[in-house]
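Please read them beside the coordinates.

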Amino acid sequence: MFRTIILKFLYIYQRFFTLIGYGSCRFYPTCSEYAKWQFDKNPLHIAFIQTILRILRCNQLFNGGIDYPLVKKLNCKIKKDKISNIKYWYVPKGPNQFYLIKNFSKGKPC
Amino acid sequence: MLDKLTPNQRMILAVASSAVFMMIYITIFPPEEVQVDQNTTAQTSKVAVSNTKSTTITPSVDLGHDTSSTTSVSSNNSILATLTGKNYILTIDTLGRIDQKEMLEEKFADKENVNAKLVSETGAKPLYIRFADKALNEEAMKVAYTSNIKEANLIDGHVSVTLTQKLSSLTVVKNLTFYSDGHYDVDIKLSEDKRYYIYLGMHPTFSDKQMMSVEGAMIDTGDDHIITIVKDGDAENMTSYNGVNLVSSFSQYFASIFYNIGNETNVKVDRDRDDNPVVFIEGLQNYTFNGYIGPKDHRILHAIKPELTNAIEYGWFTFAAAPLFQFLLFLHDYVGNWGWAIVILTLVIRILLFPLTFRGMLSMAKLKEVSPKVKELQAKHKGDPQKMNAAVMALYKKEGANPLGGCLPLLLQIPVFFAIYRVLLNAVELKGAEWIFWITDLAHMDPTYVLPIIMGATMFFQQHITPSNFTDPMQEKVFKFLPLIFTFFFITFPAGLVLYWAVNNIFSIIQQAIVNKKFAAHKKAKLEE
């Protein structure tokens, strides 16, 4: 419930308000995108803390660059093994830790 | 040097340097309890209320707060005494109440140039006494008070007015001493002990009430100064409060306040027909307390009693807006003009964020080597913005050069922006505050539209000289129109806020111009090598 509200809010933010500070994020994925992935796949409190820490990191004292969310548990249920149905890639980082990378390719698997 | 720090150390540095702004207040101005409290009021006030309140059964309508219907005594020729101050006229009527306080200053006048009046024509007026005994009360409504003076000047010092009401079984003597700054001493003596209530009075509804400004009643209770606000239209059944430090009936800029009312005194908040709060306190046979009626001016209230500044509120954002106002007041003491104080405030925020911007500038120099590679990547990943962004970001990180400002400095502007908005909305000092040339009221929109246009123009120019890489042509189009959208958006905003944003843009432009120049010089130097 709460999760949905936050995701909706982030959607509206990305759609309409992000232009005010367009292109100022030093990271990939951008802070708002990062927040979306976090709230999608992590427990709420972790998503909150991680997102806040990410925003705090998003200033000139940090180099920026690529910074994917981390997840501890695999909670994906693959129904059809079509690549277009895959929402996130879980890339192992360490024991029980995965980078969360959104799948943007639609349709044709390569 | 920064490169040697660990990410955690840098994080701490980043947070610290951006938070210094708030810390300055704490060092220069000791934090006022109310500011801390406001933070938690949402929760605590409810608890506090349930501790002190005892909801009574008496239905409000019978109580007769509203004297307008029964005021046979207080018709048109009911003025007993008139006190003329430097910029106000205060009148006392035959019911021994403050009939009206009219502010003569032009800045408070409404659109039709009618002076601001601080007391509602209908409803209970300040210092009205209602007896608990119905028969006695009815008699009291018919017998006029007498006054020892008819007219007085209140330019400096104070004037004492003795009001007497002789009822068949009781004599009421109200000794009022009015001071030029708007506060007054009340000394009520009854020849016999009767139960009675004294009213705080109600404020009129101002026709040009601004969006988001709060009006209603405020009760400051306990040693912790817990603030309870009952907004107009939100008052519920009668509620009692004890241990009240001050109680205020306030509008956007003005307030009627009772203070020094005694710890044991019962303050009751009832509602009228429109669910507006009606405040009255229970008096004693011999009862003294203090009151204030006038603008919620920080300096005036502070001079009377520092605690009274608690009556100035900025809504739920008080915890940030009140310190911001203190800082503006501090700047105003040096420059003597609110407009310049806002300009300096912008500069101070810029300086505090300078460690961040400076580091950003340093990395600009490295961008030269990076830019051809960025172009390459953009060409390579054309049509796949996600991949392109990822590749560009990876490159920035590898080269240690990132031209982007980051989300934190941007997000930090939002609370500052909102706090300034609240201050401009509620601080009476900024009402009618001039800047230069055509700006005559920072708290009001610029009627000439010049300032919003300057704001839009500076924003456009800032965008123009700031490099940006768009992946979506639609977004790029909207982005280009943003200054125009903002200009329209800002048109109705208080001029002070537009000023802040315009000055902020100008500082950004200067900063970016320096960066661009450096970059160009660097490029040239490289070419000559």
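1. Helices (H or I, at least four residues) and strands (E, at least two) are DSSP runs, numbered from the N terminus. B:H225 lies in the loop between strand 12 (216–221) and strand 13 of chain B. Its phi is near 50°, a positive value in a residue other than glycine. B:N260, in the loop between strand 16 (254–259) and strand 17 (267–271) of chain B, also has a positive phi of about 50° and is not a glycine. Most residues other than glycine have a negative phi.

2. The model is predicted: local features need pLDDT of at least 70 and side-chain atom pairs count only at pLDDT 80 or more, while totals for chains, interfaces and linings use all residues. Residues are numbered from 1 along each chain as its sequence is written, and chains are lettered from A and ligands numbered from 1 in the order in which they are written.

3. A residue is called buried if 20 or more other C-beta atoms lie within 10 Å of its own, exposed if 12 or fewer, and partly exposed in between, with C-beta atoms placed from the backbone. B:H225 has 18 C-beta neighbours inside 10 Å and therefore counts as partly exposed. B:N260, with 15 such neighbours inside 10 Å, is also partly exposed. Over the 529 residues of chain B, 39% count as buried.

4. Chain B has twelve helices and 19 strands. Two residues are in contact if their C-beta atoms, placed from the backbone, lie within 7 Å. Among contacts in chain B between residues at least 6 apart in sequence, 69% join residues at least 24 apart.

5. Nine strands of chain B form an open sheet in the order 6-8-9-10-19-16-15-12-13, with antiparallel pairing. Strand 6 (146–147) and strand 13 (226–231) stand at its edges; each has a single partner strand, so one side of each is left without a neighbour in the sheet. Two strands pair if DSSP finds at least two bridges between them. Strand 8 (residues 158–166) and strand 9 (residues 171–179) of chain B run antiparallel and are joined by nine bridges. B:Q165 stands opposite B:V172 in strand 9 of chain B.

6. A nonpolar core here is a set of buried Ala, Val, Leu, Ile, Met, Phe, Trp, Tyr and Cys residues joined through C-beta atoms within 7 Å. In the largest, of 109 residues, those touching the most other members are B:A311, B:L324, B:V423, B:L424, B:L442, B:V498 and B:L499. Helix 12 (residues 495–528) of chain B gives the most to this core, with eight residues. Domain 1 (2–25 + 330–528) and domain 2 (31–313) of chain B each supply at least three residues; the domain bounds come from an automatic or database assignment. A second, separate core of 25 residues includes A:Y34, A:Y68, A:L100 and B:Y396.

7. Which residues does B:A311 contact, leaving aside neighbours within four places in sequence? They are B:M218, B:L246, B:S248, B:F250, B:A255, B:I257, B:K296 and B:L301.

8. Helix 6 (residues 338–352) of chain B has 15 residues and should span 21 Å at 1.5 Å a residue, which agrees with its end C-alpha atoms being 21 Å apart. The expected span is 1.5 Å times one less than the number of residues. Buried residues in helix 6 of chain B include B:W338, B:G339, B:A341 and B:I342.
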